[in-house]
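Have a go at each task before reading its solution.

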Amino acid sequence: MRAVTADFFNKSESPRVSNVDKPTMLDDEVLVKIAYGGMNAADWQYSQGLSRHIPASNLNIMGFEAAGVVASVGRSVTTFREGDRVMFARSRTTGEAGTFAEYVSVPASLACPVPDGVPMTDAAATPICFMTSYIALFADDLGNAKPGQKVLIHGGSGGVGSFAIQLAKYGGLFVAATGRTVNKDYMIGMGADIAIDYTDPDKSIVAQTREWAPEGVDIVFDAVRQNTLPNGLDALKPGGTLVSISTGLDMSDLDEQMRASQALGFRHVRCFAHWPERIAKVPLVNILKRQAIRIPPVEVVELADLQSAIERLKGGHNRGKLVLKIDGE
């Protein structure tokens, strides 16, 4: 079968389309014929072997999320049948095949049904950003957000940020979001109460946030990755919480930074994009069924345009989500 692979020994050929074996399926898994794979910032990092957590191999299948149709089910699976539409995020960032392949085996417990009326393109764009945002904001040990609180979302026009704004509003929060000037109307359209221009030469993000929330915000969510928000703690009220998306790209010592933040009286916590043990607590399907949020703009990328899409992700200024078309039909 065809799959998009990363070659860490010859990065000039990474990513590339390769022929690989069709995956085997365990009793508790479903084999999914992939229609589209959601693209994320981690994909360009993965393609160049920049993450500290990715094993050195010359055949790592790329992709962290996807949507498709169940081709077959394992003997112990009772929740899905052949032909069901499903979406899922892979269970880890390392070790097993990714989602940019014609077929992927995935534990049935990690797959979610795609609600009627939701296009497969939208479904492929949803799992990682939705789950990351919801868990970062509402998990008791992370954002622990409560209705009426104020949150600053850094990176409000990206994939995670677009979902985070809407989920924060869904949860009854007041939302400030950062982005470029060109994306201010977009973030307001997503539901932000205020859009902060991080390119403003006269006012910093913190200064603009303090104009909106003089006492500070309850939560700062850095939806880009750790260390992209200058002086993020200064935007918080005493005892507030800074949630950083943790990636393998940043080589700084996040654990040390978290201890330093906590010594100053703040909560500083790490959020990963992959939380398989928390999936059951994330109301992804129910919220989509209720149409309580809308999927951010989705752009379909053909396999022939993969490299240019990776370069766009590297630039870090995409609005909404890119999805890679896998099924050639």
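## Exercise 1: A salt bridge between a strand and a helix

Glu-299 has a relative accessible area of 36%, so it counts as partly exposed. Keep in mind that you are working with a predicted model.

**Task.** Which residue forms a salt bridge with Glu-299, and how far apart are the closest N and O atoms?

**Solution.** 
- Step 1: look for the partner. Glu-299 forms a salt bridge with Arg-312, and the closest N and O atoms are 2.9 Å apart.
- Step 2: check the partner's accessibility. Arg-312 has 35% relative accessibility and is therefore partly exposed.

## Exercise 2: Two further salt bridges

**Task.** How many salt bridges does a search of the whole structure find?

**Solution.** 
- Step 1: count. The search of the whole structure returns eight salt bridges.
- Step 2: inspect the pair. Arg-278 and Asp-141 bring their closest N and O atoms to 2.8 Å. They are 137 residues apart: Arg-278 sits in the loop between E14 and helix H8 (284-289), Asp-141 in the loop between H3 and strand E9 (150-154).
- Step 3: apply the cut-off. Buried means under 20% relative accessible area. Arg-278 has 16%, so it is buried, whereas Asp-141, at 41%, is partly exposed.
- Step 4: Asp-193 and Lys-169 meet through their side chains in a salt bridge of 3.0 Å, N to O. Asp-193 lies in the loop between helix H5 (184-190) and strand E11 (194-197), and Lys-169 lies in helix H4 (residues 159-170), 24 residues apart. Asp-193 is partly exposed at 38%, and Lys-169 is partly exposed at 30%.

## Exercise 3: The two sides of H7

**Task.** Which residues of helix H7 (residues 254-263) are buried, and why do they line one face of the helix?

**Solution.** 
- Step 1: list them. Leu-254, Met-258 and Ser-261 are buried in H7.
- Step 2: look down the axis. The buried residues of H7 fall within an arc of 65 degrees, so they line one face.
- Step 3: An α-helix has 3.6 residues a turn, so residues three or four places apart point the same way.
- Step 4: turn to the other side of H7, where Arg-259 and Ala-263 are exposed.
- Step 5: find the packing partner. The buried residues of H7 pack against strand E14 (267-271).
- Step 6: follow the chain onward. Just after H7, Gly-265 adopts a positive phi of about 100 degrees.

## Exercise 4: A buried threonine

**Task.** Is Thr-132 buried or exposed, and which backbone oxygen lies 2.7 Å from a polar atom of its side chain?

**Solution.** 
- Step 1: locate Thr-132 in helix H3 (residues 127-138).
- Step 2: read its accessibility. Thr-132 has 1% relative accessibility, so it counts as buried.
- Step 3: find the oxygen. The backbone oxygen of Ile-128 lies 2.7 Å from a polar side-chain atom of Thr-132.

## Exercise 5: Ordering a sheet

**Task.** In what order do the three strands E1, E2 and E4 form an open sheet?

**Solution.** 
- Step 1: trace the pairing. The order is E2-E1-E4, with antiparallel pairing.
- Step 2: identify the edges. Strand E2 (16-19) and strand E4 (60-61) each pair on one side only.
- Step 3: examine one pairing. Strand E1 (residues 2-6) is joined to E2 by four bridges; Ala-3 has Ser-18 in E2 as its bridge partner.

Key
Residues numbered from 1 in each chain as written. Predicted model: local features only at pLDDT ≥ 70, side-chain atom pairs only at ≥ 80, totals over all residues. Heavy atoms only, no water. Buried < 20%, exposed > 50% of the residue type's maximum accessible area, 1.4 Å probe, protein only. Arc of directions from axis to C-beta. Contact = heavy atoms within 4.5 Å. Pairing = 2+ DSSP bridges. Polar contact = N/O pair within 3.5 Å; in protein donor to acceptor, adjacent residues only side chain to side chain. Salt bridge = Lys/Arg side-chain N within 4 Å of Asp/Glu carboxyl O.
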